[in-house]
Structure formats: structure tokens, C-alpha cells
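Please keep the sequence and the structure in view while reading.

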Amino acid sequence: QRQMCIRDRRSSVLRWPRRDEVDRAVRAWAERVVREHPEVLRIGYFGSYARGDWGVGSDLDIVMVVERSDNPFIRRAASFPSEELPVPADLLVYTPDEWRALPDSFRARLERETIWVYERSVGHH
């Protein structure tokens, strides 16, 4: 069972993880994902944690671009388990062609709002 509330070190109160805790966790998760999945080109998060207006119950919206995938879009997230993250995560996994095919306004907003935690450097493989 996933632990979404965490116990504050100074008291017995349970609280929702802070943005910095979630940021550290998603960066560590991304490092592991990239080691296991060399096809990953980019990983980032957007939505309330990226904007800073998260609250109790907020989930983490993650976007990923992969070189290719044999799985249909709806099933791709299952290849990247996110149970270790401190909050529930929704994962969108696109190929480069699918990313480019997104409506321009939506793609531009995602590019602007996403905090990219991994981007493969050119020539890296």
C-alpha cells in the first residue's frame, strides 16, 4: 500500500508531502526510469506541483517522451511504475511524432509549464 501522507518528524501529525519533497522524489524516480528505459528522451512534471498551488490530495502530472513504443498510448504508463512516488501520479507517455502532433496551443503550454527533470543530451545513448 502506497504511503501518501507522511508523518511530520516533529509531531504525530500526518501531512501531505511538500513540493520540494515531491520534486526530489520525482527526480530520483526519473533517474531510475532512465537507467531501465534507454528509450526515454524527456521526463517532466506539470500541473499543480509545477505551478506551486498543490494541496492535500493533489496528484503529480508527469509527461514523458520516448523514442518509440509498441504499446498503445493508453497502456504505456504501466511500463513506468510510479508507486514509489510520495503522491499519486498520472503519467502521459508520448512518442516524438505524437508530441509534435499535439495541438500547438496545448504543446506550447506544456513546454512552458513543465519542470523538466530529465532531457537526454544530444549524442547520448
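Glu 119 and Arg 42 join their side chains in a salt bridge, with 3.1 Å from N to O; the term denotes a side-chain nitrogen of Lys or Arg within 4 Å of a carboxyl oxygen of Asp or Glu. This pair links distant parts of the chain, since Glu 119 belongs to strand β6 (residues 115–119) and Arg 42 to strand β3 (residues 40–46), 77 residues apart. Helices (H or I, at least four residues) and strands (E, at least two) are DSSP runs, numbered from the N terminus. Arg 42, at 15% relative accessibility, counts as buried, whereas Glu 119 is partly exposed with a relative accessible area of 46%. Here buried means under 20% relative accessible area, exposed over 50%, and partly exposed in between (1.4 Å probe, protein chains only).

The model is a predicted one, in which local features need pLDDT of at least 70 and side-chain atom pairs count only at pLDDT 80 or more, while totals for chains, interfaces and linings use all residues. Residues are numbered from 1 along each chain as its sequence is written, and side-chain values use heavy atoms, with hydrogens and water left out.

The strands that carry this pair are also neighbours: β3 and β6 pair in the antiparallel sense over four bridges, and Arg 42 stands opposite Glu 119 in β6. Two strands are said to pair if DSSP finds at least two bridges between them. Both belong to an open sheet of four strands with mixed pairing, in the order β5-β4-β3-β6. Because β5 and β6 stand at the edges, each with a single partner strand, one side of each is left without a neighbour in the sheet. From one strand to the next, the twist averages 20 degrees. Helix α5 (residues 104–113) packs on the sheet and touches β3, β5 and β6, and its direction makes about 80 degrees with that of β3. Such angles run from 0 to 180 degrees between N-to-C directions, with axes as lines fitted to C-alpha atoms, for helices over the stretch in contact; contact means heavy atoms within 4.5 Å.

Strand β4 has a partner on each side. It runs antiparallel to β3, joined by six bridges, and Gly 44 stands opposite Val 63 in β4. With β5 the pairing is parallel, again over six bridges, and Leu 91 in β5 is the bridge partner of Ile 62.

Is β4 mostly covered or mostly open? Seven of its seven residues are buried, so that the strand is mostly covered. Leu 60, Ile 62, Met 64 and Val 66 point one way from β4, while Asp 61, Val 63 and Val 65 point the other way.

In soluble globular proteins, nonpolar side chains tend to be buried together. A nonpolar core is here a set of buried Ala, Val, Leu, Ile, Met, Phe, Trp, Tyr and Cys residues joined through side-chain atoms within 4.5 Å. The largest such core has 23 residues, and those with the most contacts inside it include Trp 29, Leu 60, Ile 62 and Met 64. At least two residues each come from α1 (19–36), β3, α2 (48–51), β4, β5 (89–94) and β6. The greatest contribution is that of α1, with six residues. Another core, of nine residues, lies apart from it, with Leu 41, Leu 102, Leu 110 and Trp 116 among them.

By the rule stated above, the salt bridges number 14. One of them joins Arg 120 and Glu 67 at 2.6 Å, N to O. This pair too links distant parts of the chain: Arg 120 lies in the segment after β6 and Glu 67 in the loop between β4 and α3, 53 residues apart. Arg 120 is buried, with a relative accessible area of 18%, and Glu 67 is partly exposed at 27%. Elsewhere, salt bridges that share partners join Arg 18, Asp 20, Glu 21 and Arg 24 into one network. Within this group, Glu 21 and Arg 18 meet at 3.7 Å, N to O; Glu 21 is buried at 14%, whereas Arg 18 is partly exposed at 36%.
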